[in-house]
Amino acid sequence: MKLGDLEILLSNHQALGARQRQEDYFAFHIRDDGRGNATSVLLVLTDGMGGHEGGDEASVLAVNAFTEAMDKGDPSMNLADRMILAARDANDAVHRYSQGGEMGSTLVALHLDHQRRQWVSVGDSPIFRITDSGIERLNRDHNMGARMDEQLAEGLITQDEADWKMADRKLLTSSLGMEELEEVDVSDPEPILAGETFILASDGLTDALPIDEILQIVFRSHPESIGENLVAEAIAKERLNQDNVTVLSINISSPKKDRIRNVLDRLLK
């Protein structure tokens, strides 16, 4: 599929892991010009909070509310503001449905048009950018581990105190379903470049695979198989209590550059 002068390829895959039900949910929301060319692409992934009743319902509610809000949002509004408002709508939808109960979900979303890309994040579901130069995590975790690391760096707590609270590191400090959303991170707009791959995942992936292994699997994979291969490798670790694993990817390439590379390859043979 074309997005402006670039070619995009989407992939997705998920697995239950060792859980009894799937609490991850996702959607691709593509606008087109009526001729099969995309004008914008939205990837959304949510991870229902496994310790809370109704995590599977929360993740579905969150995706639906977020995409609906993005769809109906004022197109003249700054995209970052639209994404934050959509995240707050998703939070309110989960909170209303739970009637003040324990339902909750993370959310990570990536929006691309022919000029730029931006993401929004709540919770601890990661988004990665991968190029020939390597891999980088774009968002930060909203959990006690990240907060303790910041406090440790600032000298507000000691290493002994951080070690003593090790069991609390995965506790979220912000998630959808709260009466008032604590933290929402949104990126600045960045240009879209040929050769980039973006991965959105639930934390079942990063709990099983270190970041350097994720990079190697992506490098070995055809763009259509990135999601499937990452999930398969995570499940193959056979971790005790493996969480649900969901991976979305979008690969960006330049048809013009690919044609030039193919010509050069043939000339050099």
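# Exercises on a predicted protein chain

The protein chain has eight helices and 12 strands; helices (H or I, at least four residues) and strands (E, at least two) are DSSP runs, numbered from the N terminus. This is a predicted model, in which local features need pLDDT of at least 70 and side-chain atom pairs count only at pLDDT 80 or more, while totals for chains, interfaces and linings use all residues. Residues are numbered from 1 along each chain as its sequence is written, and side-chain values use heavy atoms, with hydrogens and water left out.

## Exercise 1

Describe the protein chain as a whole: its burial and its contacts.

**Solution.**
- Step 1. Buried means under 20% relative accessible area, exposed over 50%, and partly exposed in between (1.4 Å probe, protein chains only).
- Step 2. The protein chain has 269 residues, and 46% of them count as buried.
- Step 3. A contact means heavy atoms within 4.5 Å. Of the contacts in the protein chain with a separation of 6 or more, 72% are between residues 24 or more positions apart.

## Exercise 2

At what angle do helix 1 and helix 2 pack, and which residues meet?

**Solution.**
- Step 1. Two packed helices are described by the angle between their axes and the distance between the axes.
- Step 2. Axes are lines fitted to C-alpha atoms, for helices over the stretch in contact, and angles run from 0 to 180 degrees between N-to-C directions.
- Step 3. Helix 1 (residues 55-72) packs against helix 2 (residues 79-98) at about 145 degrees, and the axes are 8 Å apart.
- Step 4. From helix 1, the residues that meet helix 2 are E57, A58, L61, A62, A65, F66, A69 and M70. Their partners in helix 2 are L79, R82, M83, A86, A87, D89, A90, A93, V94 and Y97.
- Step 5. The residues of this contact divide into 15 nonpolar, no polar and three charged. Here Ala, Val, Leu, Ile, Met, Phe, Trp, Tyr, Cys and Pro count as nonpolar, Asp, Glu, Lys and Arg as charged, and the others, Gly among them, as polar.

## Exercise 3

Where do the buried residues of helix 6 and helix 7 lie around each axis?

**Solution.**
- Step 1. In helix 6 (residues 211-220), the buried residues are I214, L215, I217 and V218. They cover an arc of only 165 degrees around the axis, so they are on the same side of helix 6. The arc is that of the directions from the helix axis to the C-beta atoms.
- Step 2. D212 and R220 are exposed on the other side of helix 6.
- Step 3. Among the elements covering the buried residues of helix 6 are strand 7 (127-131), strand 8 (134-137) and helix 7 (226-236).
- Step 4. Helix 7 has I226, G227, L230, V231 and A234 buried. These fall within an arc of 120 degrees seen down the axis, so they line one face of helix 7.
- Step 5. The cover of the buried residues of helix 7 includes strand 2 (6-15), helix 6 and strand 12.

## Exercise 4

Which phi values do E238 and N241 take, and are these residues buried or exposed?

**Solution.**
- Step 1. Most residues other than glycine have a negative phi.
- Step 2. E238, not a glycine, has a positive phi of about 50 degrees. Its place is just after helix 7, in the loop between helix 7 and strand 12 (245-253).
- Step 3. N241, also not a glycine, has a positive phi of about 60 degrees. N241 is in the loop between helix 7 and strand 12.
- Step 4. E238 is exposed, at a relative accessible area of 70%, and N241 is exposed, at 57%.
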